[in-house]
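Here is a walk through one protein model, from the overall picture down to single side-chain pairs. Keep the structure open while you read.

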Amino acid sequence: MLKLRHTRGQTSELSTSSNEGYNVKALLSSYKIILFKYYFMNSELGIRIPRPLGQGPSRFIPEKEILQVGSEDAQMHALFADSFAALGRLDNITLVMVFHPQYLESFLKTQHYLLQMDGPLPLHYRHYIGIMAAARHQCSYLVNLHVNDFLHVGGDPKWLNGLENAPQKLQNLGELNKVLAHRPWLITKEHIEGLLKAEEHSWSLAELVHAVVLLTHYHSLASFTFGCGISPEIHCDGGHTFRPPSVSNYCICDITNGNHSVDEMPVNSAENVSVSDSFFEVEALMEKMRQLQECRDEEEASQEEMASRFEIEKRESMFVFSSDDEEVTPARAVSRHFEDTSYGYKDFSRHGMHVPTFRVQDYCWEDHGYSLVNRLYPDVGQLIDEKFHIAYNLTYNTMAMHKDVDTSMLRRAIWNYIHCMFGIRYDDYDYGEINQLLDRSFKVYIKTVVCTPEKVTKRMYDSFWRQFKHSEKVHVNLLLIEARMQAELLYALRAITRYMT
């Protein structure tokens, strides 16, 4: 038996013998039994028994597909054990990310270091900053998780009544949080100077870098949460519903086995799309990749032409929006954790504004950002760099039903399109490829997940890459969140560098 130490000082045992090997379903069942016991304890006093609401960890991905992922994979088992040991829980984000164990391992290692290992900021500050960051995107899922963690590490409950109840030092971080989440290209060295020279409420450089990494991490994780339709945890608001034990079609044991009522049958929003149509989309994409590779081999566009294509793509990205794009009013439980609720994403070239292009050869993660982070917050730069590389280079050489496919061209188009939306340009990339490889429905999904994740719908998720596997769509989301995080970091770290010089 392997004993695991929880952060709450508890120990639990998970069998690792070959005869008693645990899998996803077993771990889920154990977790549900714990929750069941917790809720059932006072049932004789008239408390109604809750049951899971929904169909598993994701509203977009069938639960059976998640449970089947690598059920006999030793690496996955180890990851779940590590996550359970570190957090005392298996959250739904982990259960969806396990489609890609190599990335999940890097993600968990980085998050564990940011939240729990030695660093410039005290533990309760870290969780509160996570709450502030997630709240900017109205991500109640992450807010709920970190409210619990904040209280567990000794955070003052009064801070949770609203940002105005937190220390002035954290309140001062609100402006950077706001701009970083929605319009990072507006960050200047003056933002940095205001935080570092706030007299008795000032931040040190090391503390600020830690805070910036946390803000970008949770802005991006909010994108993943909405982009993959992550369901609320069963013990959080929205994660369960109540039904009396006497109801004929419901048994209190359902909470332990995951059964749901018959009126919760999944709906296939893409049911009107014929298999032949979606198959044709895959074939067409494969053909475009082949043609683009041939064009690359035959001739290379001039630097002037490449710059022109970047400007065209940047302008076109402003007109990518969903037809059902409506404002989402934040709930008070979330909005109290940030100021200026009307502030949100705006394209950087709208309303006569002109933001200079961020040229990667002048300031890039590899040559500048990485070393700055590692100098001020040792080891974190290395962990983030590893996570970026895994997400960018991750491939199984498959596309839908095809095998032995080089997907590097497609992955680079997705990554560079996100950076293009943030005004970041790579001189050696032909931005004309983006329009060839990413159709409009895919661009709508990408822009919504990255810029306004709270507006993502299942219809958007279902409308792109209709013949692709759910694991491939989760892979897309990993690219989206890491490209977004890197873009935010580049703007923030460049501003810090300018302040320092």
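This is a predicted model: local features need pLDDT of at least 70, side-chain atom pairs count only at pLDDT 80 or more; totals for chains, interfaces and linings use all residues.

What follows starts with the fold as a whole and then turns to the core, the rings, the charged pairs and a couple of local spots.

## The big picture

The protein has 22 helices and eight strands. Of its 501 residues, 54% are buried.

Take the contacts in the protein with a separation of 6 or more: 77% of them are between residues 24 or more positions apart.

In soluble globular proteins, nonpolar side chains tend to be buried together. Here the largest nonpolar core counts 142 residues, and F224 and I414 are the ones with the most contacts inside it. Which helix gives this core its largest share? That would be α22, with 16 residues.

Leaving out residues up to four places away in sequence, I414 touches L438, F442, I446, W465, V476, L479 and L480. Two of these neighbours, F442 and W465, turn up again in an aromatic cluster.

## Rings

That cluster is made up of F60, F442, Y445, Y461, F464, W465 and F468. Across the structure there are 24 aromatic pairs. One of them is F358 with Y363: the ring centres are 6.4 Å apart and the planes sit at 85°, so the pair is edge-to-face. F358 is buried, at a relative accessible area of 0%, and Y363 is buried too, at 6%.

W365 and Y370 give another edge-to-face pair, with 6.1 Å from centre to centre and 80° between the planes.

## Salt bridges within helices

Side chains of opposite charge can pair when their charged atoms come close. The model has 18 salt bridges. E175 and K178 form one of these, their closest N and O atoms lying 3.1 Å apart. Why can these two be found about one helical turn from each other? Both sit in helix α9 (residues 174-182), and they are about one turn apart because three residues separate them. E175 is partly exposed, with a relative accessible area of 37%, whereas K178 is buried at 9%.

K458 is partly exposed at 26% relative accessibility, and D462 is buried at 11%. There is also a network of salt bridges, which links E287, R290 and E294.

## A salt bridge across the sequence

E281 and R466 form a salt bridge at 1.7 Å, N to O.

Helix α5 covers residues 101-116, which is 16 residues. From first C-alpha to last, α5 reaches 22 Å, close to the 22 Å expected at 1.5 Å a residue. Which residues of α5 are buried? They are P101, Y103, L104, S106, F107, L108, T110, Q111, Y113, L114 and L115.

S204 sits in the loop between α10 (189-196) and α11 (205-227). S204 is partly exposed, with a relative accessible area of 32%. The C-alpha atoms of S204 and P120 are separated by 8.8 Å, with the two residues 84 apart along the chain.

Note on methods: Residues are numbered from 1 along each chain as its sequence is written. Side-chain values use heavy atoms; hydrogens and water are left out. Helices (H or I, at least four residues) and strands (E, at least two) are DSSP runs, numbered from the N terminus. The expected span of a helix is 1.5 Å times one less than its number of residues. Buried means under 20% relative accessible area, exposed over 50%, partly exposed in between (1.4 Å probe, protein chains only). A salt bridge is a side-chain nitrogen of Lys or Arg within 4 Å of a carboxyl oxygen of Asp or Glu. A nonpolar core is a set of buried Ala, Val, Leu, Ile, Met, Phe, Trp, Tyr and Cys residues joined through side-chain atoms within 4.5 Å. Contact means heavy atoms within 4.5 Å. Rings of Phe, Tyr and Trp (its six-membered ring) pair if their centres lie within 6.5 Å; planes under 30 degrees apart count as stacked, over 60 as edge-to-face and the rest as tilted.
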